[in-house]
Structure formats: C-alpha cells, structure tokens
Amino acid sequence: MDTCLEIRQVVSGYGYGTVLRGATLSVPRHEMTCLIGPNGAGKSTLLRAISGLIAVQSGEILLDGMALQGLTPRQILEAGVVHVPQDRSLFPTLSVWENLLMGGYIIRDNSEVRRRALALEERFPTIRQFHHSHAGSLSGGQQRIIEFARALMLEPKVVLADEPSLGLDPKSRTLVFETLTTMSRDGITVLLVEQNARSALRVSDHAAVLELGTVRIEDRAANLLDNPEVGRLYLGASAAAHRRLPHAEHVRT
Amino acid sequence: MHLFIQAIILGVLTGGLYALMTSGLTLTFGTMRIINMAQGVFVVCGAYIGFTLFNYLHIDPFLSILVSTPLLFAIGFTLQTFLLKPLRHDAHRLSLLMTWAMAIGLEGILSFIFGTDFRGILTTYQNSSWTIAGYEIPVVRALAFLLSVAILVGMYLLLTRTKFGRSVRAVSQRESAAKLLGVNTDRTAALAFGLGAATAGAAGAMFGLVSSFDPASHYDLIGRLLAICVIGGLGSNAGAIAGAVILALSESLVQAELSPAWSSVPFYVLLIIVLIARPQGLFGVRARGAI
Amino acid sequence: MLSTGTRLRSWILAIGLCVGVAACGTPAPTSSSAATKGPLTIGISVSLTGDFSNTGKAAQLGYQLWASQVNAKGGVLGRQVQLTFADDASSPTQVVTNYQNFISRDNVDLVFGPYSSLLTLAAAKVANRYGYAFVEGAGNGPSVFAAHLPNLIDAGPATAINGAQVWGDYILSLPADQRPKTAAYPSLDDPFSQPAAAALQARFEAAGIKTVYSQIYPAETTSLGGVIAKVASTNPDMVVSGSQDADGWAQVQAMIQQKFNPQFLFMTNGPENPVDFPKNVGAQNTQGIFTSDVWTYNAPIPGNTAFVQAYIAKFGGDPSQIDSTSAQTYAVGQLIEAVAAKTGKIDNATIIATLHQGSYQTVVGVVSVDQYGAPKGSQFLEEWIGGTLTIVYPPNIAEHAPVIPKPVWP
C-alpha cells in the first residue's frame, strides 16, 4: 500500500485535557479514507492536529515522509493539506466567486489564482450558477460544494473533510459524497470524518475506527462494512453511543 | 428658501468629512469587533500634523494628508500590535477600555507637545467661497468634502476589489475559516486597525482646516462618531455615510431654521428611535461581520 | 469650550489628582492662624492642568510677581508674603478640596481666588463658611455675584455684564442717524459671554434698535455656518456676538465665507487676544472688529507701565503677550496692600470690611465694589485698526477715534 499521510502515536488535545492518546493511522494515496467512531472519540481533533490548528504533544504526522507536526497552519497548507472544517466556513457576504478566490489566498500570482478559479467554475456548475451571489444565500448542500471547490484551489495532495454531510438533506448528502468520490478519483487523497458511518463506508476505500483517542480497527472500508462487531457497535448502535457522550464533540476552542 | 438650501449645502459638505472619520471606526468594528474609542484622538492627531506642517514648513494642509495618513497608519498599526493584540482572546470586553486608555494617553502627549490652547490652521483660501446661483460655497469645506468622497471611494475599492480587501472582509466574517486558508489574521487585524487610523489621519488634516481644535476636542468627536455609527448600523459603510450626512444636515438645518440650541436634538431623538425600533441601525444587518 | 466631554475629562483628572493627593500628601505642619508675626501665608488654587491651564498659569504669574515685589519692599506690615499654590485641574470639585485644605489643614492666613467664574464661585463659598475674605481677580461672571457672598471682592474695574456696556455707551452716544437700526445677537451658552450680550440686547431694544436675531448656541457646536447663514439672512446692521474664543473665530470665518459684512461687529470675547485672534481669523480680516477689555499693556492706567516693566524683567517675553489675567491677579495683591496701609491690620474681617467701602487704584483701574463684591465701573472699548488692537472709547483714554462703519472683508 502506498501511504500518503502517516499518523504515528499522536497525542494531542486542548488546554484542559488529552483527546488523542497515541493514534496511529496510514492514509493511502489517491483513496478516500473515512474515520468513524462515537462522539468524543477524537475524530475532529485528529483533523485539527493534522492541519496544525492544535499542537501535537508527541508522535509524528508525516506527509510523504515530511514531518507536519510543529508547522504553522499556513506551512501545512503550503505543503498541500487543506482542511474543510465541520462548521460552515464560507464567508457569507462575499460572493461565491470571491470565496473561491480566497481559497487561493496563499498563491502570490493573482493571474494563476484567476486561472484556477475559472477552471473550477468549468467543473462545478454551482459556481457558474451563483457566481455573483452572496455565499450565505446558498443552500447548505450548495455551500458544501463551494467549500470543496475552494479547497481545490490550492491543488492539494490531501483534503481533510470534517462531517461534510452534517445537517444536509438526503439529496444534498448524495451530491456531497459524489463530489468527494470524484475528488479522490482525480488523484486527491481524502480523509473524511463522518457521523453517518454506513454511508461513509460505502463511498470510502479505506477506513478506521477511532475510540477514546486511539485507532481501534483499521481496514479496507468494504471489510469493515461486513465486520459484525463494527456493525453492532458503530453502524447499528451509533445512536446509543451518541447518548453516552452527548457533549464531547463540542469540546473545541 | 434661500436659507434652507444654504443650510443644506453646508450640512452636506460637513457630512462628507464626518463620513470619512466614521468609516475608519466602521472598518475596525467590522474586522475586529473593536469599538475604537481612540478614533477621535486619531483625528485630532491628524489635525495637529496638518497644523505643524503648515506653520513650520508651510505645507498646504490638503497636501499634509500625504504625511498624516501614513503616519497615523503607522501609529494605529503599532498600537494594535503592542496594546490590542495581546488582549485578542478577551478583546470584546477589554478593547473598549484599552482604546479609551489610548485616547487619554494620546491626548496627554498632544497636550504636552502643543499645549491646551485652541489651534486653527489659517490658509490664504481659508475664508474664500464660491458663489454659485446666489449660494455661498466655502472653498475649504467644498475641497474637504470632495477629498473625503474620493478617499471613501478609494477605501471602498480597496475593500471590494483587492486581495487585501477580500481578506479583511473574510477575517471579519469567519476568522477561523480565514486562518485555515492561510490568512495571517493577526497581521490583517493590525493592517485594518492601521487603515482605520489612517482615515482619521486624512480626515484630521481637513478637520483642522474647517474648525479649531485642542487636544480635548476628541471627546466631542468620538461622541458624534459613535452616534453616527449607531444610527447607521455598526460596521456598515453605507450606514456611516448616511448617519454622517443625517447628523450634519439636521444640525445645520435646525441651527439655521429653528435655533442653534436645538441643533443636536433631532439627531439624538432619531438615535433613540432607531435604538428602540431598529437596534441594528438603519443600514445594519444582524449577520455577523457585514461590511 | 466646555462640553460634556470636557467635563468628563475634568472628572477623570480630578479622580487622578485625588488619588495622587491621597498617596503622597503628608500633613503639613500646623501653624497658628492667630500668629501675627512670621510670614503672611496665602493659599491659592490655580488651574495648572485642564481646560483653564493656559490662563490659570497667567493667574499664577500675576500673584508671583506681586509677592516678589512686596517682599522686596519688606513685606506686608513687616511680614514676608509666602504663597502656597495647589493645582485644581480646572475642576470645581478639586478647587473646593484645595481651599478646604488651605484653611482647615494648613491654617493659612489668607486665601486668594482661582481662575474663572466657575471655580471662583465654588471656592468663594468654602472661604465664606470659614469667614475668610475672598479677593479674586478672575471671576466676574454674574453667577459669582448672584450668590450674594459677603466675603467676596472682585479686583477688577467691571463685571462681565457691565464691562460690555461700554459698547452700549458708545453706540448710544452716536447721533440717531448713524446708529444701527437692526441687530443680531448670536451667543455662546456660557455664564460669562451670554449674559453680557443679553444685557446689551435689552439696552439696545429699549433704545429702539430692532432685534432681528437672538439665539444661543451650545458649547459643543463645531460649525457655526448654519448660525451665520441665518444671521446673514436677516441682514442686520449690527452683530453683537456673545462669543468666548474659538467660537468667536468660527463666527468671523463663517461671516467671511458667506460674504456677510455687518456695519458694526462687536464680540464680547475673542478679539481682545492680540496674538491668537489675528492668527486664527487672519490679520487682514480684523479691521473694524470691536471688543471690550479690562486691561491692556498700553492702557493709560496709573502704575501700569511699572507693572509691565516688572513683568518683563521677571518673566521675559513681549508686553503685548501679557495676559490680562496676570494684571488682574496682581491687582488682588495691590488691594491687600491697600487695606494694610489704610488700617494697619491684615486679618480677614478687616479686609472684608475695608474693601467694601471706598475705591482703590490698581493696575487694572479703580476698583470699587458693591455689597456683594461686584465692581461698579466699566471696561474700555477696543477696535482693531490697521492690525492693532486700539483703545477707542471712552474718549478720555482713547488712543484713536472709532472707525465706522466696518469695511467689507478684504
């Protein structure tokens, strides 16, 4: 297996406690990997540690052998890792087009930014349709599509997608998963965190189960779908898990 | 009728300058959620810069804008970096006190350097006016108005048409998301604060031309600017302009037609009505971070 | 100009000062107020910071000059004068604290007045409570005398109101066909300027000069364009401005900008400042503007030349830059000397009793006060002629005859 992103024994958390307690995971290149697990297991925290939003206390995060831990969010962005956060991240009163241009903020050459934005407009009809509209006026699903398009402005190696289907209607959810699949087929490595574990496993190539800050199981997505223990604990019983740790996902600064 | 129109002309001309002063306040609020109580003293600093350059180097006050603007930008940038940035996590609560402290401190420095006498800038064209269709248009006020409008248009273009402007608006709306896209939010905040101070610097040089001032003039100024901001909607540029013109126009009209003693009353009555009926201001939006 | 903002600042300064006093104030050695030997101690609050700081310092200079002169002559009744100053930050609250400290803590022999009518009134009430005489040189607004204080004596020739009456004297001395027919009265909301303009208005109306405009503008008015536009639309022959300083400049500027030129222009305050006024309205625009004043360096008053020479010898500078407040506070000292010379005593009761009777020559003219300490005389009229502030009325002291009507703005 050709590993793109290697996570080794990562310990991290917020000011008042450790959330990741030695997580280890190999994310295969050009594939979609999904992270599942109960609320509070540390899925979002892992993405935030990778993109440099929170500090890694110990362990390593390697992108093609290059250590990411200790770098600033901007350096990690320049290395080719783009993070699409869980909460809405478009700028509501900037137009869709301006939001897209913001995706290329770290590129110095303005004409290159325009060229990439125009190429993305070709690919995503949503951009064409709402070019001048305020991003805040779009539906939740449309906004997700624009967020992904914006992430592609940097032609990244890795896209970290945190709960992209959250709060969307089934039709938009399908559209979001389709977009992610296309991205991974186009050669982008996708690391996806999903609450909706069954749908996520169906579209993913690879998968890992995170619990209490460590990776409990890592396998091909298809195998996990067939694993009876996973089915019992995380696919059928996710509602129960949700009740057990109702507030943990909100632990963020 | 002649008096009515004359009063409208004077009011609109004054309103342009107030709009420029307020636009800086709007910018800092829009980007950093900071109500900059030092905006008034920044204006007074600009006035003293114009005064000094005119009296000692004989530089025209309109030209001194080229000095006062970058100088105030530097002052604003420095003050933000050393005094406001350290508070960022508690900025909403403490920035009001901190910027007020800046205002008092700068007032003290100005008093020390220039004394507490009232000052005025007296150019050769100070008291000239153009007569157009029987109405007197004071040259200084007309030029100040035109220049204010030009700077406001420039600010608008900067905010809407440039990468810097886009990043300022982005930070104002979703700071965390802007950070994820590689925007140095601390630097953007300092630049925005500097830019807000720079508008005060430009406006200040012209303020010194149209009225006399002392270091304590900033108390009256900041009161007016905040009222303009609130009536127009905090963080709204269009609101700042509308508020400024409403203030200056109502003062000028009431002063001429009714009584100068009542000149501020209609504006503040309107302010109270707006606060009750439309707390977000005439042009304000409830959405966070609109510019 | 006073405003809510400045008041707020005064508060902040006052609070800061109180903290400072509490932190470093050690009790002064108590001296017996009954002592008749040893130095004559005098407590004076002056505004060294805040709104009145410029004129406050001028007040201090006048007191200092007098003390050094009288001490060189051997003191008052053989006692050396020892002045104690305290800064009141231009705050009416702090000034009260200062005088309470002088009287009840330091047990000074006498107190002299601070600067401005606002502070004088507050301070004089404190002194009255303790039976101290309150001779002051810089508080002659009507509110000071309206308090009916028995211990107060204003060391000036005229009150604010009757001081400006010299303009009325002059206008009504003109033959009827030369007098203005209509008049406008734009005034600052201020306890000093506005009553002076109002008193003139009443007198002119009684004499048949029609009032076409009379309004009071608040201190925070930054643009007087609207006021002057209205005044101009009524086209009066005469404008009587109840102005203070910066607002007076703004009035003149607005008149020039709106090309409005009254035949007679009298301003209660502003034009009497020989330095700031031409600097702010333009020397070429001053021609023909009238004001009234208590004192100028070249006024033909007995002792004035000696005072001016002594002032320059001690503090340097140019005679034309001496603030009239320095002369007025100097006159306070002269009154005390006069009491000592007349009675051979220098206690508070004697000062109060003596100064309420008779008249006394000082550098600001002859001082003669009524039962509440208000001076009975009047000021003199000045006009800007050829770039110089010139005394033009009353005729016995005039340097030049008044030039009327006012020429159009250049």
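Between chain B and chain C, the contact takes 36 residues from chain B and 40 residues from chain C, where contact means heavy atoms within 4.5 Å. This is a predicted model, in which local features need pLDDT of at least 70 and side-chain atom pairs count only at pLDDT 80 or more, while totals for chains, interfaces and linings use all residues. Residues are numbered from 1 along each chain as its sequence is written, chains are lettered from A and ligands numbered from 1 in the order in which they are written, and side-chain values use heavy atoms, with hydrogens and water left out.

Now the area. The size of an interface is often given as the accessible area lost when the parts come together. Here chain B and chain C bury about 3,100 Å² between them, with 50% coming from carbon and sulfur atoms; buried area is the accessible area (1.4 Å probe) that two parts lose on being put together, summed over both. On the chain B side, Phe118(B), Asn127(B) and Gln255(B) supply 20% of the area buried against chain C, more than any other three residues.

Lys259(C) and Glu136(B) form a salt bridge through their side chains, at 3.0 Å from N to O. The side of chain B that touches chain C is made up of 15 nonpolar, 13 polar and 8 charged residues. In that count Ala, Val, Leu, Ile, Met, Phe, Trp, Tyr, Cys and Pro are nonpolar, Asp, Glu, Lys and Arg are charged, and the others, Gly among them, are polar.

One residue of chain C is worth a stop. Leu224(C) sits in the loop between β7 (210-217) and α8 (225-234) of chain C; helices (H or I, at least four residues) and strands (E, at least two) are DSSP runs, numbered from the N terminus. Is Leu224(C) buried or exposed? Leu224(C) is buried, because its relative accessible area is 3%, and buried means under 20%, exposed over 50%, partly exposed in between (1.4 Å probe, protein chains only). Leaving out residues up to four places away in sequence, Leu224(C) touches Gln255(B) from the other chain, and within chain C its contacts include Tyr217(C) and Asp247(C).

Last, a strand. In β1 (residues 40-46) of chain C, 7 of its 7 residues are buried. β1(C) pairs with β2 (residues 81-87) of chain C in the parallel sense over 7 bridges, pairing being at least two DSSP bridges between two strands. Val46(C) has Asp87(C) as its bridge partner in β2(C).

How values were computed. A salt bridge is a side-chain nitrogen of Lys or Arg within 4 Å of a carboxyl oxygen of Asp or Glu.
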